[in-house]
Amino acid sequence: MESEVITVRTGSSPVVRDITGEAASFVSGKGDGLLHVFVPHATAGIAIIETGAGSDDDLLTALDDVLPTDDRWRHRHGSPGHGRDHVMPAFVAPYATLPVLGGRIALGTWQSICLVDPNGDNPTRQIRLSFLAG
């Protein structure tokens, strides 16, 4: 298995950040296999969604609806409502595994690999990309 860690700057507000380009570069020329994308953080996840047409903002809005940033959370360190950031990975998993065919990720036409980071307290994230040859 080949593995590499990339660093992504997410800033100080909730974000859905497209990392498809970085993942595609990692698997380029590697043949057939599986790409595993993992974010080793307790407050971030990986989603396969359409970006650029509003779906990324819709996802953040849906997370706000399901997991509001208020004082209901027992986990209370960090900014107000930060406890919800620790619950979010139960809804948006911190990993995804995708097929790679001929050195290209086999995504659908409108699919992108995205880091979902609702936690503005941590402006930089690491993502582990791993490739298992077929």
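E4 stands opposite L129 of strand β8 in a predicted model, for which local features require pLDDT of at least 70 and side-chain atom pairs pLDDT 80 or more, while totals for chains, interfaces and linings use all residues. Residues are numbered from 1 along each chain as its sequence is written, and side-chain values use heavy atoms, with hydrogens and water left out. Strands (E, at least two residues) and helices (H or I, at least four) are DSSP runs numbered from the N terminus. Two strands are taken as paired if DSSP finds at least two bridges between them.

Strands β1 and β8 are antiparallel and share eight bridges. On β3, V37 has L129 as its bridge partner in β8, and β3 and β8 pair in the antiparallel sense over six bridges. V37 also stands opposite A96 in β5; β3 and β5 are likewise joined by six bridges in the antiparallel sense. The five strands form an open, antiparallel sheet in the order β1-β8-β3-β5-β6. The edge positions are taken by β1 (2-9) and β6 (104-105), each with a single partner strand, so one side of each has no neighbour in the sheet.

Strand β5 (residues 95-101) is connected to β6 by two bridges, in antiparallel orientation, and V100 has I105 as its bridge partner in β6. The hairpin of β5 and β6 has two residues between the strands, and G102 adopts a positive phi near 60° there. Buried denotes under 20% relative accessible area, computed with a 1.4 Å probe on protein chains only.

R125 belongs to strand β8 and counts as buried, because its relative accessibility is 0%. The side chains of R125 and T43 form a polar contact of 2.7 Å, the term being used for a pair of N or O atoms within 3.5 Å, one able to donate a hydrogen and the other to accept it within protein, with residues adjacent in sequence counting only if both atoms are side-chain atoms. Beyond residues up to four places away in sequence, R125 touches I6, T7, V8, T10, H41, T43, A44, L115, D117 and N119 (contact: heavy atoms within 4.5 Å).

K30 lies over the face of F26, at 4.8 Å from the ring centre; the criterion is NZ of Lys or CZ of Arg within 6 Å of the ring centre and within 35 degrees of the ring normal.

Notes
Buried < 20%, exposed > 50% of the residue type's maximum accessible area, 1.4 Å probe, protein only.
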